[in-house]
Amino acid sequence: MSADSSTGIAIGARHPRMERALFLYAPLAFALLFLVGPFYWMLITALKPDSDLYDPTSSPLYVSAPTLEHFRYLFERTDFVLWLQNTMIVATLSTTIALVMGVPAGYALARFRFRFSELIGTSIFVTYLVPTTLLFIPMIHVMVQFGLDDSIWSLVVVYPTFLVPFVTWLMSGYFRTIPTELEDCARVDGMTRIGAMLKIAIPLARPGILSAAIFSFTLSWNEFIYALTLVTASTERTIPVGVLVQLTRADVYFWGPLMAGALLGSIPVAIVYSFFVDQYASGLTAGAVKG
Amino acid sequence: MTATSRAAGASPRRRLSDLLEQERVLGYVLVGPVVILLLALVAYPFVVAVGYALSSRTIADPGVFIGFENFVYLWESQIYRRTVRNTCLFTLGSVTIRIVLGVSLALILNEMFPFRRLVRASVLLPWIVPTVLGTMAWLWMFNPNFSVINWALVNFGLVSQGPNWLTDPDLALFSVTLVNAWRGTPFMAVVVLAALQAIPNELYEAATIDGAGKFQRFRYVTLPLVMPVLLTALVLSIIWTFSDFGIVYGLTRGGPMNSTHVLATLSYEAGLRAGNIGEGAAISLTMLPALLVLIVWQLRRIRRSAI
Amino acid sequence: MIRENPKIIRRRKLGRRSVLAAGGGVAAAASFGFPSIAQSSLRGTRLTVLASNWFVPENNTQLDQLAADVSRDTGMEVRIERFAGDELSTKVASVIATGRGADIAVGVEFDTYLYANRLADVTELADEIGRTYGGWFDVAQAACMVNGRWRSLCIGQAPAAWNYRVDHFAAAGINQFPDTFDDLLKAAQTLHARGTPIGMTLGHASGDGRSTNYPVLWAFGGKEFADDGRTVTLDSPQTLQAVEWYAEIYKYFIPGTTAWLDADNNQAFLASRISATVNVNTIYLASRAAADPARKAVADNMNHGLWPRGPAGRFANYNINVWLPFASSQNQEGQRAFLRAWYSRNFLPNWTKTGQSYFIPTFAGFDKEDVWPADPKLQIFRELNKLNRLPGHSGPPTPAAAEAVSKYILVDMFAKACTGQMKPAEAVKWAAREYEQIARRRRN
């Protein structure tokens, strides 16, 4: 983005070579090792045959005879495809619900003055703090009353409870960063308030909405406690629960398929991220500071 | 919705659209669904859970009202005190690593170097992988027999025998903290990076003209502009870490000897594994005051800066 | 305790396919005595069974096959949903709390007491099954019967034996595993002097912590609770004697046993660093199947022994699994049909034999049945199977006893005295206080 020499903290301006190696590449290498190293290790494990995996004499750092046996195990011997499908459905639907509810609410909190608006805004965000470990047992009862237990639909209903507060908070912050002039002009030209929100403010808030969406999607993709307690059937499980629960036996872990599942389970989200990472970050920053 | 539809509308419909033109009314209409959802699916279960915390409820028995007995018991319980201490160390440690690593990484990623886009996308991976599964990778790397970390340490001659990452009670808390930081660092880095990139170049140029050195530019231009974002990311990180469940559950289940239990895992264990739903709810409930203080501080800070 | 051998994983993969292939023919012949499908009132119903994965892989495929057979014979759809151990107990708890999600589940020894009022009464079925196999062991009754009614049915137990190196013992002039606690102490001294010490798990190991330490208490006559299961009786001269014996023998252990978790004694034994420890037969099964000659040698040189006899007798403690029939189930007839099939002569003896004495049902009559593996080094499990007592003995396995297990109070009592952190008498007083605290809270 910015020309590097002028960012004020440019590294290696005077002794380019050595300083860059010392202050740029060395820490970068360390950070990459720490953050990305485990994924290399996952990949290696997923591709190694069991005979190498449990052989202390073979080097753990590379694969001499790569195999797809663990991936095959995942697809042929477990319901992995169903888990992937379930996770997709749950994450997409609960994200949609969270946006449809949270974006207009965030807009209202940012733009309108009405009685208790501040209190409502604060309360909504405070609900985000209530830990899942406190709520999940009463929540199972509520879902049973709705007749939704033991299906992914219970997750579609439950996940918005922690997504909506975050989306509302983020979006109300984001809308505050957008000047009101355009909406005011449109209203002078006869546009309704709802029209101004839908046709002017929301399109302008696209980066914020995008980061709220990605955020919600990731949180739903990750969730474990509800996915474990609300759903029983293997065919209704999500990836985190399915992989963890089906690929361990007693205190024995099937490391190959586990790592294969973890990799395949993160790829869909990784793809979404790689497209939108810039907008995600800027949306989050703008929204977060004014929320 | 537009002028035409309004003109064509019958009178009740016009009255409705007139109503929606009032800030007050439209505000309630837009916020209403969220409030209803949260009342039904957060506030209601919350009240029920508070009731549990004040009762002797177990999984198979509704129990009776016992006032604050669960809390008194916790106060006297060594395991609970240890858990509170663990949770604070876990949060403090993880957040410190996140800030140091995240800010450094953001500064580095703000530089020009080959494959920058690819690097920037790949450091996000820990934030994306489902927590429980990312944790499994670490569990495998910490495996007593096949630990790749220990293999590397021994092979590079750093130690003669690798440490027991998860079975040594003192080391285990450090290990789970490290994994939590691993997961949270990318978020910190990306958010700070975005803030860095939003700083206009003119500011640096002006500072340079005024004779500011490298350090001064960082101190007086970069830092003040990044700080608000950093603080918000910090507050979010604290909230997530303080109530984190997945990492400790996945790595140690709270052991060895309760040395890594955090409030979320202890609550889960007491409530479901031991069956004392009342005690479990009470443990979770004690997380709230600390988080509330934090959030009130954050909201006030933002409001003050907004004025 | 349960260490996986990659060999076994691979065998499982092959195993399932071959069992399924062969299963069709065998299963068609098997019959569980159900009325024909046409008259079956179960037709069209469903039964959800929550299970874990047992250590011996073939045992799991046999359960799958049983479910398929019952489904075919009755027209009831039997679904097996598997969870890893920790998640399974979470699911059981949530089914108990909400009454939804499953009809039957695999539980552990404390679950029946914890959930008694939410479990179906299966007393008649238990009596019928008991008659078939020559009667249930007392321990099964202790685990499954509450207030005189059976609320669960015992699946079996995983006996923990003394695993010892015959060669090391012989070299020290000991040709038989010691039969008294004095002799065990003397053996430990001799072996220690020869550089081949023994080691008993004194750490917070969820399986070995119990199976290693409760038997010592009982053998000396110590008890946590009186028979009513409420009065704490831990602080007694007998308990003190047990602690003193432990503090003495600890001097001759390999260092570090107070930090041992379930896998550590296995590893130390397999690496020939110790010459005796208490464990289930996984050390033997895994090393017997190992390709590595060094590990195979461990199997050749080891054997299993009984717990020594103490002043109060010979005791042991093992993990137990039970079938929990949920009272909330809409299909109680289906529950009973499934359980009947599980305990039928066509299934259970065969399932037991496949289990290699790792996991054994708790029937007196099994002594004479063809359910024992031929391997001479596994013969002793026939005896071991009779010795199990549950925490809380000689009272019932109450939630208070379970809580004491989960807090490792007894293990810590021994460990504190062994490491010298407390004098034996202080350690006993400390543990008794902890027990009182738990009992008081549970009584409320």
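This note goes through the model point by point, from its basis to single residues.

1. Basis. The structure is a predicted model, in which local features need pLDDT of at least 70 and side-chain atom pairs count only at pLDDT 80 or more, while totals for chains, interfaces and linings use all residues. Residues are numbered from 1 along each chain as its sequence is written, and chains are lettered from A, with ligands numbered from 1, in the order in which they are written.

2. Chain B as a whole. Chain B has 16 helices and 0 strands, where helices (H or I, at least four residues) and strands (E, at least two) are DSSP runs numbered from the N terminus. Of the 307 residues in chain B, 49% are buried, a residue being buried if 20 or more other C-beta atoms lie within 10 Å of its own, exposed if 12 or fewer, and partly exposed in between, with C-beta atoms placed from the backbone. Among contacts in chain B between residues at least 6 apart in sequence, those joining residues at least 24 apart make up 66%, a contact requiring that the C-beta atoms of two residues, placed from the backbone, lie within 7 Å.

3. The largest nonpolar core. This core has 319 residues, and those touching the most other members are A:Val167, A:Met259, A:Ala262, B:Val191, B:Val192, C:Tyr246 and C:Phe414; a nonpolar core is a set of buried Ala, Val, Leu, Ile, Met, Phe, Trp, Tyr and Cys residues joined through C-beta atoms within 7 Å. Helix 10 (residues 169-197) of chain B gives the largest share of the core, 16 residues. Apart from neighbours within four places in sequence, B:Val191 is in contact with A:Ala281, A:Leu284, A:Thr285, B:Val229 and B:Ala233.

4. Domains of chain A. Chain A is divided into domain 1 (11-67) and domain 2 (73-290), with bounds that come from an automatic or database domain assignment. The centres of the two domains, taken over C-alpha atoms, are 32 Å apart, and 7 residues of domain 1 are in contact with 6 residues of domain 2. On the side of domain 1 that touches domain 2, helix 1 (16-47) and helix 2 (50-53) of chain A each supply at least two residues, and the largest share, 4 residues, comes from helix 1.

5. The mixed sheet of chain C. In chain C, 5 strands form an open sheet in the order 2-1-3-10-6 with mixed pairing, two strands being paired if DSSP finds at least two bridges between them. Strand 2 (77-82) and strand 6 (153-158) are the edge strands, each pairing on one side only. Strand 1 (residues 46-51) and strand 2 pair in the parallel sense over 6 bridges, and C:Arg46 has C:Glu77 in strand 2 as its bridge partner. Helix 2 (residues 57-74) of chain C packs on the sheet, touching strand 1 and strand 2, and its direction makes about 160 degrees with that of strand 2; axes are lines fitted to C-alpha atoms, for helices over the stretch in contact, and angles run from 0 to 180 degrees between N-to-C directions.

6. The antiparallel sheet of chain C. Here 3 strands form an open sheet in the order 8-7-9, with antiparallel pairing. Strand 8 (276-279) and strand 9 (302-305) of chain C stand at the edges with a single partner strand each, so one side of each is left without a neighbour in the sheet. The twist averages 30 degrees from one strand to the next. Strand 7 (residues 161-165) is joined to strand 9 by 4 bridges, and C:Arg165 stands opposite C:Met302 in strand 9.

7. Contact of chains C and B. Chain C contributes 17 residues and chain B 14 residues to the contact. On the side of chain C that touches chain B, helix 3 (85-98), helix 4 (111-115) and helix 17 (399-406) of chain C give two or more residues each, and helix 3 has the largest share, 6 residues.

8. Backbone details to inspect. A cis peptide bond, with omega about 5 degrees, joins C:His393 and C:Ser394. C:Ser272 has a positive phi near 60 degrees although it is not glycine, and is partly exposed, with 17 other C-beta atoms within 10 Å. C:Gln356, also other than glycine, has phi near 55 degrees and is buried, with 22 other C-beta atoms within 10 Å.
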